[in-house]
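Student: I would like to learn how to read a model like this. Could we go through it feature by feature?

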Amino acid sequence: MYIGIDDTDSPFKYCTTYIGTLLIEELKNNGYFVDMPKLIRMNPMVKYKTRGNGGVAIHVLNKDLSLNDIDEIKNITIRIVEKYTDFECENTNPGIVFLDENKYKENRGKLKEYYKEVLYKIVSIDYAEKFILKIGGDYIKYKLGRGIVGALGAISATPPFTYELLAYRKKEMWGKKRVINENSVIKMDKETFPYTFDNYDYENNKILITPNTPCPVLFGIRGINPEILLKAMNMIEGEKPERFMIFKTNQGTDVHLRPMKIKDIYPNTGVIVYGRVVENPKDIEGGHVIFRIFDNTGKIDCVSYEPTKKFRDVIRKLIVGDYIAVYGTVREKPLGINIEKIKILKLEKKYIKDKKCPYCGGTLKAKGKKTGYKCKKCKKLIGYDEIRKIEVERDLKIGFYEVPGSARRHLSKPIQLIDLI
């Protein structure tokens with residue numbers, strides 16, 4: 001039997017993964033066997049998400065569950081969800097989905113397609129309701145019940161997966177400042193690299209494993225090996241957690257991105273676009289940097305936002321003619337790609353004008369496009385298009401460049417994982 005839960009938290013309190021953790025503990029106490037839970041992030045462009053647009057799925061492994069067992073599982077789930085949901089928050093609209101084991105197996109193909117829908121599009125509550133009923137599932141909506149969209153999305157998720165170990169605070173610590181030893185995080189990060197990721201932002205000297213909201217989570221460590229995550233947890237010094245849980249997750253996998261031609265791009269989805277730079281990068285209001293790329297179907301703007309910090313310096317070094325792949329999500333107005341990372345595939349050669357006179361070695365001075373250049377020393381004229389050009393070495397190399405960890409989306413794959421998952 002599968003249980004999906006989503007949209008129970010708010011920016012002010014609680015966490016859907018905490019509900020999942022408590023539910024697993026309760027189910028085990030009642031004699032049920034449970035698989036490793038899933039924490040699944042969906043389309044990051046959904047505007048009404050409470051925080052990270054992530055749902056939780058739990059798989060009860062017991063075979064031949066009786067009707068009494070199913071009722072008990074549902075009642076336990078409902079009780080815990082209702083106890084640890086922020087119903088006071090206007091944007092919190094919880095949903096629970098239950099799906100029988102056989103119905104899951106019968107509809108595996110349809111569920112796989114639904115997973116793609118919640119990654120690439122904005123799925124409506126009505127669409128999710130009809131889909132759940134079509135596959136023989138059951139659901140509970142609270143308030144608007146938008147959470148059923150992500151609850152089913154979490155159930156339907158398929159690999160690739162990474163893992164996240166989430167450690168939770170004692171209840172009396174909720175809302176208080178988290179005390180985590182920064183040096184222990186740095187040490188842990190260096191000793192577990194490359195098998196854990198996004199622990200610390202060295203560019204901005206910032207711990208990344210702790211949330212910024214007053215929720216039950218003390219810290220979360222992401223990686224590709226559960227055993228290494230356990231080792232990493234034990235290296236963290238500071239406030240001690242009350243409990244922890246390891247989740248399978250699609251974080252750090254780029255599953256929200258698809259290769260697309262520019263003509264096919266639509267708002268609020270994730271894309272990988274190959275094209276040539278056709279307009280040099282320029283700074284715009286707010287500290288952002290924008291440039292334009294072209295493929296054989298059209299042109300589109302690409303934006304590196306201020307929070308990406310030094311990554312903008314990489315973008316500023318691009319020139320017309322560079323051939324690159326842009327990874328990111330598509331904003332609606334004005335239409336453009338919010339850059340998560342780029343891959344430079346071919347660099348255009350760059351030249352500067354040789355201001356040295358070819359006759360006497362003096363310095364050439366520009367006299368306008370018609371006149372060209374005049375030597376200060378020998379007074380000879382050189383046509384505007386006749387001046388010698390010198391190739392200069394580009395301060396960029398072929399390969400990937402990414403935003404800092406503090407600006408990275410949950411789903412974005414860090415460069416260190418490119419060859420690992």
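Student: Which residue forms a salt bridge with E113?

Tutor: First, the ground rules. This is a predicted model, in which local features need pLDDT of at least 70, side-chain atom pairs count only at pLDDT 80 or more, and totals for chains, interfaces and linings use all residues. Residues are numbered from 1 along each chain as its sequence is written, and side-chain values use heavy atoms, with hydrogens and water left out. Now the term: a salt bridge is a side-chain nitrogen of Lys or Arg within 4 Å of a carboxyl oxygen of Asp or Glu. Here E113 bridges to K116, with 3.6 Å between the closest N and O atoms.

Student: Where do E113 and K116 lie?

Tutor: Helices (H or I, at least four residues) and strands (E, at least two) are DSSP runs, numbered from the N terminus. E113 and K116 are both in helix α4 (residues 108-120). They are three residues apart, about one turn of the helix.

Student: Is E113 buried, exposed or partly exposed, and how is that decided?

Tutor: Buried means under 20% relative accessible area, exposed over 50%, and partly exposed in between (1.4 Å probe, protein chains only). E113 is at 43%, so it counts as partly exposed. K116, at 35%, is partly exposed.

Student: How many salt bridges does the rule give?

Tutor: The count comes to 25. Take R316 and D283: their side chains meet at 2.7 Å, N to O. R316 lies in helix α9 (residues 311-316) and D283 in strand β13 (residues 270-284), so this pair ties together parts 33 residues apart in sequence. R316 has a relative accessible area of 33% and is partly exposed. D283 is partly exposed too, at 48%.

Student: What does the salt bridge of R409 and E340 link?

Tutor: The bridge itself is 3.3 Å, N to O. It links distant parts of the chain, 69 residues apart. R409 is in the segment after β23 (399-402), and E340 is in strand β17 (residues 336-346). Compare the accessibility: R409 is partly exposed at 25%, whereas E340 is buried at 7%. Salt bridges can also share partners, and E25, E242 and R243 are joined that way into one network.

Student: Which lysines gather in a patch of positive charge?

Tutor: Patches are made of residues with over 30% relative accessible area and no salt bridge; like charges are joined within 9 Å, and nonpolar side chains (Val, Leu, Ile, Met, Phe, Trp, Tyr) within 5 Å. The areas come from the Shrake-Rupley method with a 1.4 Å probe. Lys and Arg count as positive, Asp and Glu as negative; His and the chain ends are not counted. On the surface here, K365, K367, K374, K376 and K379 gather in such a patch. K374 sits in strand β20 (residues 373-375), and it is partly exposed at 31%.

Student: Which strands pair with β13, and in what sense?

Tutor: Two strands pair if DSSP finds at least two bridges between them. Strand β12 (residues 257-259) pairs with β13 in the parallel sense, over three bridges. R258 has V271 of β13 as its bridge partner. Strand β16 (residues 323-331) and β13 are antiparallel, over seven bridges. There V271 is partnered with G328 of β16. Strand β14 (residues 288-295) also runs antiparallel to β13, joined by six bridges. D283 has V289 of β14 as its bridge partner.

Student: Which residue takes a positive phi in the hairpin of β13 and β14?

Tutor: G286, with phi near 100°. The hairpin has three residues between the strands.

Student: What about a positive phi in a residue other than glycine?

Tutor: Y14 is one case, with phi near 70°. Y14 is in the loop between β1 (2-6) and α1 (16-29), and it counts as buried at 15%. D64 is not a glycine either, and has a phi of about 55°. D64 lies in the loop between β3 (54-59) and α2 (67-83). It counts as exposed, at 78%.

Student: Where is the peptide bond cis?

Tutor: P160 is in the loop between α6 (147-156) and β6 (162-168). The bond from K333 to P334 is cis as well, with omega near -15°. P334 is in the loop between β16 and β17.

Conventions
The place of a charge is taken as NZ of Lys, CZ of Arg, CG of Asp or CD of Glu.
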